[in-house]
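This report covers one protein chain.

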Amino acid sequence: APAPPPAQHLFSDPAEIEALRGNLLAWYDKCKRDLPWRRLAAAEPDADRRAYAVWVSEIMLQQTQVATVIDYYNRWMQKWPTLQALAQASLEEVNELWAGLGYYSRGKRLQEAARKVVSELAGQMPRTAEDLQKLLPGVGRYTAGAIASMSYGQATGVVDGNVIRVLCRLRCIGADSSSPAVIERLWDMANALVDRSRPGDFNQALMELGATVCVPKAPLCGECPVKQHCRARRRKLFGKPAPVPDVEDCGVGSCPLCPPAAEPWDSSLGVTNFPRKAAKKPPRAARTATCVLERRGCHGALEYLIVQRPSSGLLAGLWEFPSLPLAQGLQEEKQREVLADHLRAWTGRPVAAGGLRFIGEVVHIFSHIHQTYVVYSLPLDGDVTLDPALSPSRWVTEKEFHASAVSTAMKKVL
Ligand code: SF4
């Protein structure tokens with residue numbers, strides 16, 4: 001077993017833990033933001049319905065800003081106010097509502113999980129973090145802890161990006177905060193700190209603190225309700241802490257939670273010395289040729305051909321203009337030829353490479369891919385019969401296009 005971390009990285013004084021809980025909850029009661037999922041959950045007496053309201057918000061908030069989520073959340077809860085309603089929705093409807101929110105597999109997994117609860121669990125939500133994580137697709141450790149603590153009152157902690165930042169600062173944890181060893185310590189700490197009588201509020205308070213006060217770049221330490229417990233702040237104000245008797249003096253030895261010896265405390269950064277992350281891998285560069293095929297529909301309005309992506313992988317099941325990944329370094333002439341070849345399948349007739357009009361390039365950043373779409377257009381006259389043996393495809397007006405399950409990248413292309 002790994003040695004216990006040095007005391008300066010721990011919460012070991014019960015009186016201090018009690019004080020921190022009290023200060024944080026009092027601040028939360030006074031300062032929390034009024035958010036639709038909080039309002040819904042607070043007004044909902046039924047624990048399972050509350051769990052559904054929390055669950056949807058937590059899935060939407062993964063990797064997405066609160067301000068962006070609010071409108072999607074309200075529309076979702078209006079359309080599918082209960083888990084049972086969601087279980088009856090089609091994936092197409094889910095994708096249409098999710099369009100523009102990104103990370104599309106989240107919506108799909110949410111709907112799969114709702115179906116599972118209805119069909120395999122007799123409509124009963126699992127009620128502990130362990131069961132939620134084990135039984136529901138798309139529910140990881142964090143989401144399970146959030147649902148269990150906020151809806152069912154289980155005294156279990158949560159660790160998300162905001163909590164990582166706050167805890168690393170409170171306890172001067174400067175080792176790579178994305179490493180499994182540090183993450184495991186932070187979960188231990190979150191579980192030890194969580195208030196036993198108000199676990200859901202405590203978890204939300206810790207996250208709220210990270211979102212509004214202990215923010216990444218310029219934290220508002222002067223207004224912080226837990227500043228007297230913060231070792232990063234103390235270190236900023238008073239310098240290096242005195243070594244704690246009988247434990248290793250952090251930063252000198254091989255403490256697994258201190259900043260690496262090669263990158264010691266930088267006094268110009270103050271509390272933002274924490275947390276630290278190993279450099280991210282740069283996103284992979286990819287190029288895709290895409291063609292906006294247009295025709296005049298029967299009422300004279302312009303229509304565009306969209307085709308459906310495969311049901312797994314990136315942007316699963318979403319609609320797009322016919323597209324083709326391009327090999328690196330392909331010359332423009334060759335690019336047109338392969339695209340023209342690919343389009344023949346959709347149009348059912350030969351397409352001259354020279355007839356493709358180059359429009360420009362659209363760059364879209366997915367979490368791990370730096371994607372460039374090389375955009376062409378091709379007006380078609382006459383009727384085009386679509387081959388039903390290919391992926392589903394349809395002609396849409398501009399208005400229909402925007403109401404379809406299309407990604408933000410495709411909207412940029414249009
Ligand atoms: Fe964060 Fe500053 Fe509060 Fe410490 S005192 S928890 S660094 S806002």
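## A buried loop asparagine

Asn273 sits in the loop that runs between α13 (231-238) and β1 (284-296). The model is predicted. Asn273 has a relative accessibility of 1%, and because buried means under 20%, Asn273 counts as buried.

The side chain of Asn273 has two polar partners to report. One is the backbone oxygen of Gly270, reached at 2.8 Å. The other is the side chain of Arg276, with which the Asn273 side chain makes a polar contact, at 2.8 Å. Leaving aside residues up to four places away in sequence, Asn273 touches Pro264, Trp265 and Asp266.

Helix α14 covers residues 332-347, 16 residues in total. From its first C-alpha to its last, α14 reaches 22 Å, close to the 22 Å expected at 1.5 Å a residue. The residue that follows α14 is Gly348, and its phi is positive, near 70°.

The buried residues of α14 are Gln335, Arg336, Leu339, Ala340, Leu343, Trp346 and Thr347. These buried residues pack against β1, β2 (302-308), β4 (323-326), β5 (357-365), β6 (369-379) and β7 (393-396).

## Packing of α4 and α6

Two packed helices are described by the angle between their axes and the distance between the axes. Helix α4 (residues 66-79) and helix α6 (residues 91-98) pack at an angle of about 155°, and their axes are 10 Å apart. Angles over 145 degrees count as roughly antiparallel, so α4 is roughly antiparallel to α6.

On the α4 side, the contact is made by Tyr72, Arg75, Trp76 and Lys79. On the α6 side, Glu93, Val94, Leu97 and Trp98 take part. Sorted by class, the contact of α4 with α6 has five nonpolar and three charged residues, and no polar ones.

## The chain as a whole

The protein chain has 16 helices and seven strands. Taken along the principal axes, its C-alpha atoms fill a box of roughly 85 × 50 × 40 Å.

Of the 414 residues in the protein chain, 48% count as buried; Asn273 is counted as buried too. Among contacts between residues at least 6 apart in sequence, 67% join residues at least 24 apart.

Terms used:
Residues numbered from 1 in each chain as written. Predicted model: local features only at pLDDT ≥ 70, side-chain atom pairs only at ≥ 80, totals over all residues. Heavy atoms only, no water. Axes fitted to C-alpha atoms, helices over the stretch in contact; angles between N-to-C directions. Helix = DSSP H or I, 4+ residues; strand = E, 2+ residues; numbered from the N terminus. Parallel < 35°, antiparallel > 145°, perpendicular 65-115°, else oblique. Contact = heavy atoms within 4.5 Å. Nonpolar A, V, L, I, M, F, W, Y, C, P; charged D, E, K, R; others polar. Buried < 20%, exposed > 50% of the residue type's maximum accessible area, 1.4 Å probe, protein only. Polar contact = N/O pair within 3.5 Å; in protein donor to acceptor, adjacent residues only side chain to side chain. Expected span 1.5 Å × (residues − 1).
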